[in-house]
Amino acid sequence: MDPRLAANRLNWDDRVAIHTESEFYDVDGWLADAPGPPPEELAVLGDVAGKTLVHLQCHFGMDTLRWARVGAMVTGLDFSPAAIREATLLAQRAGLSESSTFVCSDVYDAPAALSDHRFDVVYVSLGALCWLPDVAAWGEVVARLLNPGGRLYLHDVHPFSATLDDEGEQVAYSYFTRPDQPIVGDYDTTYTDGAKLTSTETYEWIHPMGAVVESLISRGLVLDSLVEHDWTVFQQFPWLESDGSHRYFIPEGRPRIPLTFTVLAHAPG
Ligand SMILES: C[S@@+](CC[C@H](N)C(=O)[O-])C[C@H]1O[C@@H](n2cnc3c(N)ncnc32)[C@H](O)[C@@H]1O
């Protein structure tokens, strides 16, 4: 494995136990409330009952299992063995084992790890693309995983916001980066509450919006929509204000910049 991805995997393995215990993810509350997908995602993807959905970089499966609750047959894929163990356990606790499968694999090996199976939906949720050195190769994976007519739903951190420093005040990183120019991190905290990390080394990449779109259309996918949002779902910058429901907004008086984006695309046929 690419040593940078190996370091990232250790970091993510380390985060899993912290995240499953965190107030941020509130696993017990989630089990009690049994939420389905976010309404805006459901509105776009519509009735998924009986459809197959693969969630790339599924972490410990919370976002994946929401889709099982509305009838999809879901597969979550992540390269962290700890994440896949916890996702499988969470599916059991949620009574969703029958309609869910979790697979441990690097996203670049996903077609082989999933036995070249194709899906009605490829779903990618926040905090995914920054961990991948090559977005063009990611687009190829998405194209290989989709059934004819199948749809991609991607919601991720906006690459412009990723160029800002931790305070969100200055441009600190290049918008245009290359696979051999990762942003090297060394943080002993994660984005949730909880204990300190021991595996602190990380490698991240910024993928310009044009490169994300190009990765899909160059593989023959049809772009249906690209929407930029002035909100996100975590405290990316200290000045973001929460509405108390996992949404963070730009306060009045600050320039409104894009914080996340959504891409919807489909495979022809
Ligand atoms: C920010 S988390 C995704 C969080 C998810 N949206 C959620 O809220 O549960 C990013 C995930 O990407 C996974 N990941 C990072 N690089 C990967 C790779 N090359 N292949 C597969 N999974 C990867 C990590 O293990 C981690 O679970």
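The model is predicted, so to speak for itself: local features need pLDDT of at least 70, side-chain atom pairs count only at pLDDT 80 or more, and totals for chains, interfaces and linings use all residues. Residues are numbered from 1 along each chain as its sequence is written, and side-chain values use heavy atoms, with hydrogens and water left out.

Let's start at the ligand. It is surrounded by 17 residues, and the closest are His59, Asp78, Val107, Ser125 and Leu126; a residue belongs here if one of its heavy atoms lies within 4 Å. By class, this shell holds eight nonpolar, six polar and three charged residues. Here Ala, Val, Leu, Ile, Met, Phe, Trp, Tyr, Cys and Pro count as nonpolar, Asp, Glu, Lys and Arg as charged, and the others, Gly among them, as polar.

Now for the polar contacts, meaning pairs of N or O atoms within 3.5 Å. Gln57 uses a polar side-chain atom, 3.3 Å from an oxygen atom of the ligand. The protein covers 95% of the 610 Å² of accessible area that the ligand has on its own (Shrake-Rupley method, 1.4 Å probe).

Next, follow the chain to an open sheet of three strands, ordered β9-β11-β10 with antiparallel pairing. Strands are DSSP runs (E, at least two residues) numbered from the N terminus, and two of them pair if DSSP finds at least two bridges between them. At the edges are β9 (231-232) and β10 (241-242), each pairing on one side only. Two bridges join β10 to β11 (residues 248-249), and Glu241 stands opposite Phe249 in β11.

Technical notes: Polar contact = N/O pair within 3.5 Å; in protein donor to acceptor, adjacent residues only side chain to side chain. Helix = DSSP H or I, 4+ residues; strand = E, 2+ residues; numbered from the N terminus.
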